[in-house]
Every structure is written in C-alpha cells, then in structure tokens.
Amino acid sequence: MRNPIHKRIERFESWQHLTFMACLCERMYPNFQLFCEVSKRSDNAKIFQNILNLVWEHLTVKGAKINFENQLEKLETIIPDVNEFDFYGVFPAEDACQALSEVLHSIIAGETLEQAIKISRLSLATVATYLETQADRSLNEQELKNAPEIQDELDVQWQIYRLLNECEERDIELILGLKNEIRSSGISNIGLNFGQ
C-alpha cells in the first residue's frame, strides 16, 4: 500500500526521522506488552520499555551517553519466535520488536530515512495482518484502504508528520509532548488498549 508520507519525510532531518520512528514504536508497544502478559514474560515488556525510554532520552537529553549496541543485544533476547506460539498475538509483538530494532540500527548506523519508511510500512502491515486475521482471509488493496483501522493508522502517521514538519529545529517540548500523548492514550496501532 502506497503512503505519500514516505516521499515527504525525505526532507526531514535525522532527529525528525527518529522521533517519527519512536512514536510508531510507542504505538506498537501495547501489542508487545499484551503478548508478554499472555505468555508470562512481563519482564520482557519492561526491557522493551526501557530501551524505548533510552531512545527518547537520546532525542531529548543533550549529550546523553547510551550504548545502543548493548541495547540491541538486550532487545534481540526478547524477540518472540513466531514458530513457538500458536496464537495471533505473537505477530504484532514481533513487529513491535522489529520496529524497535530498526530504530536502534538507525541510531547506530546514523542512517534514518530508510528505517523511518520501513517502520511506517511495518506499522501499517501490522494493522493489515490484524484485519486479515479477523476476516480470516486476504484482503485486497481497496478493502484495506477502506478499513477504518488503516485510516486511523495513516491519520496518526500524518499527524506526527505534520507536527514534526512545523519544526525549524529540534524541539524538545514537542518530542516529549508526542511521547506523552501516545503513551498516555495507551492505544496500539491495532486498537489494543492495555490499560483497560
């Protein structure tokens, strides 16, 4: 599915790409959290959250010294193996880990545009898979486009894009505002609300 946002974020600076990615990871986190709860791995959810917190810290604290290679190793130990579980929740959980892994790779490598587009696609793919699982069949492009859940995901991505696009330079208040808004809503990209 084409998302015109990908063309537009080419003009972003790396901090804008990273903020965009961190926001999408924050939206995917409840999927991982619920999976951890169901599979009795709640410590893994804490590890994920801690790593994501360090990404936010990297974006908002000048001169923060964080070893992201180390964080990537920690993340790799908690990525669920989809072959070990026979319930749907493992897929959005794996997607959330994949997205966070992309963020860490982009910080380590200093390449952000490609990863930002990848995570944007991944988050949409999570929603599409969710819809197909519910419908118990493959959905064509038009059906996916018309689905309110896909519309919601696109709207959120555009909203984050617009706010970041208005910034001339790195705006710590805006970055923290985005993080807090998404975190306090507690609603994932597939509509899970873990806080319920």
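Student: Leaving aside its neighbours within four places in sequence, with which residues is Glu 102 in contact?

Tutor: The model is a predicted one. Glu 102 lies in helix 5, which covers residues 90-109. Once the neighbours within four places in sequence are set aside, the contacts of Glu 102 are Gln 115, Lys 118 and Ile 119.

Student: Is Glu 102 buried or exposed?

Tutor: The relative accessible area of Glu 102 is 9%. Buried means under 20%. Glu 102 is therefore buried.

Student: How many helices and strands does the protein chain have?

Tutor: From the N terminus on, the elements run α-α-α-α-α-α-α-α-α. The count for the protein chain is zero strands and nine helices.

Student: What radius of gyration does the protein chain have, beside that of a compact globule?

Tutor: The C-alpha atoms fill a box of roughly 45 × 35 × 30 Å along the principal axes. For 196 residues, a compact globule would have a radius of gyration near 16 Å, and the protein chain agrees with this, having 16 Å.

Student: Among contacts between residues at least 6 apart in sequence, what percentage joins residues at least 24 apart?

Tutor: As for burial, 50% of the 196 residues count as buried. Among the contacts between residues at least 6 apart in sequence, the share joining residues at least 24 apart is 73%.

Student: Are helix 3 and helix 4 roughly parallel or roughly antiparallel to each other?

Tutor: Helix 3 (residues 42-60) packs with helix 4 (residues 68-78) at an angle of about 155°, and their axes are 10 Å apart. Angles over 145 degrees count as roughly antiparallel. The relation of helix 3 to helix 4 is therefore roughly antiparallel.

Student: Which residues of helix 4 make the contact with helix 3?

Tutor: The crossing of helix 3 past helix 4 is left-handed. On the side of helix 3, the contact is made by Asn 44, Ile 47, Phe 48, Ile 51, Leu 54, Val 55 and His 58. By class, this contact has eight nonpolar, three polar and one charged residues. From helix 4, the contributors are Phe 68, Gln 71, Lys 74, Leu 75 and Ile 78.

Student: Leaving aside its neighbours within four places in sequence, with which residues is Gln 71 in contact?

Tutor: Gln 71 is placed in helix 4. With 8% relative accessibility, Gln 71 counts as buried. Beyond the neighbours within four places in sequence, Gln 71 contacts Ile 51, Leu 54, Ile 66 and Leu 104.

Student: How many charged residues does the contact of helix 2 with helix 9 have?

Tutor: Helix 2 (residues 14-38) and helix 9 (residues 172-185) pack at about 10°, with axes 9 Å apart, and are therefore roughly parallel. Their contact is made by Trp 15, Thr 19, Cys 23, Glu 26 and Arg 27 of helix 2 with Ile 175, Leu 178, Lys 179, Ile 182 and Arg 183 of helix 9. By class, five of the residues are nonpolar and one is polar. The number of charged residues is four.

Student: What is the handedness of the crossing of helix 2 and helix 9?

Tutor: The two helices pack at an angle of about 10°. The crossing of helix 2 and helix 9 is right-handed.

Student: Leaving aside its neighbours within four places in sequence, with which residues is Arg 137 in contact?

Tutor: Arg 137 sits in the loop between helix 6 (113-135) and helix 7 (141-146). Its relative accessibility is 45%, and Arg 137 counts as partly exposed. Apart from neighbours within four places in sequence, the contacts of Arg 137 are Glu 132 and Glu 143.

Conventions. Residues numbered from 1 in each chain as written. Predicted model: local features only at pLDDT ≥ 70, side-chain atom pairs only at ≥ 80, totals over all residues. Heavy atoms only, no water. Axes fitted to C-alpha atoms, helices over the stretch in contact; angles between N-to-C directions. Helix = DSSP H or I, 4+ residues; strand = E, 2+ residues; numbered from the N terminus. Parallel < 35°, antiparallel > 145°, perpendicular 65-115°, else oblique. Left-handed = near helix turned anticlockwise from the far one by under 90°. Contact = heavy atoms within 4.5 Å. Nonpolar A, V, L, I, M, F, W, Y, C, P; charged D, E, K, R; others polar. Rg over C-alpha atoms; globule rule 2.2 N^0.38 Å. Buried < 20%, exposed > 50% of the residue type's maximum accessible area, 1.4 Å probe, protein only.
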